[in-house]
Amino acid sequence: MITKIRKTIDKFLTGMAIFLMLSLVLFSFLQVMLRNLFGASMDAADEFMRNGVLWIAFIGAALTTLHGKHISIDILPRFAKGKGKKILDWTLTISAAIICLVMTWYSTEFIILEIQMKSLIAGFCPAWLIEIIIPIGFFLLAISFPMRLLDKSQKADS
Amino acid sequence: MNGLIFTGIIVLLVIAGLPLFAAISISSVLLFLSSGIDPTVVIVELYRIASAPTLLAIPLFTFAGFILAESKAPRRLLNLADSLFGWAPGGVAIVSLITCALFTCFTGASGITIIAIGGLIYPILRKHNYTEKFSLGLVTASGSLGLLFAPSLPLILYGVVASVSIDQLFLAGILPGTLLILILSLYAAKQDIISPTIRKKFSIRSLIQTTIAARWELPIPIIILGGIYGGIFTAVEAAAVMAFYVFIAEFFLYRDLSVRKDLVRIARDGTQLVGGILIILSAAMGLTAYLIDAQIPQNLLTAIQEVIHSKFVFLIALNIFLLITGALLDIFSAIIIVVPLIVPIALSYQIDPVHLGIIFLTNLEIGYITPPIGLNLFISSFRFKKSILELYRVSVPFLLLMLVALILITYIPGLSLWLVQALK
């Protein structure tokens, strides 16, 4: 069951990653061409692409969590074995998940503020529509941490 | 008291392997809470990364780098370098150094070089009669070589974090990066003269053949560097052009990769690397804001100025500090966490931020092979199934030579700044 959910999330995130990455590549290239050949500048597109990087950051971070590749100082895990390793893994997973939930909470407050202030991106798009990736991203991270460990304990992960 | 307990717990968790972004996030939330400020500010600061104009270069160059790494480009480069330098004393070793450097700068220096290219090069070196000690040391040391060349991610990230022009950093890295390769090449040539290896004859035919084979990859440096310095486009635009160009070249011109089979994996792996770095950068925005708010950099500066009076001594202290940092932290977190603290201090000692960036990255580059926990030592130990102690031993000569280069780079600012000023 967990394996199935994890795989579904993984597939969805991978799909998003490909879509975002390819759009960034394509649009940024188009923009360079337009600017250099026709002298057209598109500030709005610039702003959307910069926000696209934020989306890539969170989608990528969630994928990184699912695949257990986060950057950390892993001195202790190199020496931990057996039961000690299991306890260590769970302590880290639960701590990381709680921290991400805390961040989800504060980023939701941030979104509520942005909705109240009616902030705009590129002059017409409600900012919160784009910024919503922050709470969603942190929430995805929060569920990905235990998901990876639960799945791994059922079946060895590469 | 509460503060001490929380700090203790967080430090323990970090040593135990808590992802750095999580540790940084919760630290900034707790710090703001303790000074009575609503931690939502952490998210406001985080969102500021979406207004950094150069950040877009990171996913674009990463995408291009992953495509190149997955294609047969490394093999073609190796062949080309071999027909160029294979005849010289230490030729094969020099070829290895150059290939590793190019590979590292295109893939963003994440230790992937040793796994991907080291495995290719090590047997070649051994076949040409290089000693095991030398070959292993060379492959390990080359894992981080090339970090100073455009468009390496650490270079871009330093530019973003320190608010320094990436175009200038790209220029500044050229001479110091070449110096590092040159010093190691001389060492390779000396090894070869002491105990001769098998060399091959120079052949114009093979040079032409390998050049033709690499025809679609050879324009890349010209597009990036020529484009930027010819004033045609900015670093971010160069990233956009390169990503698009490399995609077309490897997928459609060479057909090394297939859209159906490889694109998904490359985009996913690239996004993961970008996400892993940018989530730390995002988390650190809040922490940096707190530190500045609490005037920590200023206090640090005053404290340091009381102890250190000359630029010379400061640079020595900086080098030692950064070597330790480089051995403890991975390069991306080191840049994100340490740069905001160091830049104002270095400025007060009249150190150019561009020069500082090069010093910074050279130190971290060396940190990769500094015992006891330099990352590349572990990667090599894992890849070549040798004990970590053996790797400490074989990398010492390379470490010492790179330290010589570091001293030259640190105390001769012209090495970094001459090209920047000449091409202004």
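Modeller: Buried means under 20% relative accessible area, exposed over 50%, and partly exposed in between (1.4 Å probe, protein chains only). The model is predicted, so local features need pLDDT of at least 70 and side-chain atom pairs pLDDT 80 or more, while totals for chains, interfaces and linings use all residues. Residues are numbered from 1 along each chain, chains are lettered from A in the order written, and side-chain values use heavy atoms, without hydrogens or water.

Colleague: How many helices and strands does chain A have?

Modeller: Both are DSSP runs numbered from the N terminus: helices are H or I, at least four residues, and strands are E, at least two. Along the sequence, chain A reads α-α-α-α-β-β-α-α. The count is six helices and two strands.

Colleague: What is the radius of gyration of chain A?

Modeller: The radius is taken over C-alpha atoms, and the globule rule is 2.2 Å times the number of residues to the power 0.38. The C-alpha trace of chain A spans about 65 × 35 × 35 Å along its principal axes. A compact globule of 158 residues would come near 15 Å, but chain A has 19 Å.

Colleague: Which residue does Glu250(B) meet in a salt bridge?

Modeller: A salt bridge is a side-chain nitrogen of Lys or Arg within 4 Å of a carboxyl oxygen of Asp or Glu. For Glu250(B), the N to O distance is 3.1 Å and the partner is Arg76(B). Glu250(B) lies in helix α14 (residues 235-253) and its partner in helix α5 (residues 73-85) of chain B, so the bridge ties together parts 174 residues apart in sequence. The partner, with 11% relative accessibility, counts as buried: it is Arg76(B).

Colleague: What is the relative accessibility of Glu250(B)?

Modeller: Glu250(B) belongs to a salt-bridge network with Lys72(B), Arg76(B), Glu217(B) and Asp256(B). Glu250(B) counts as buried, because its relative accessibility is 0%.

Colleague: How far apart in sequence are the parts that Glu132(B) and Lys386(B) tie together?

Modeller: The closest N and O atoms of this salt bridge are 2.8 Å apart. Glu132(B) lies in helix α8 (residues 132-142) and Lys386(B) in the loop between α20 (375-384) and α21 (388-411) of chain B, so the parts tied together are apart by 254 residues.

Colleague: Which helix holds Asp262(B) and Arg265(B)?

Modeller: These two form a salt bridge with closest N and O atoms 3.3 Å apart. Asp262(B) is buried at 14% relative accessible area, whereas Arg265(B) is partly exposed at 29%. Being three residues apart, the two are separated by about one helical turn of helix α15.
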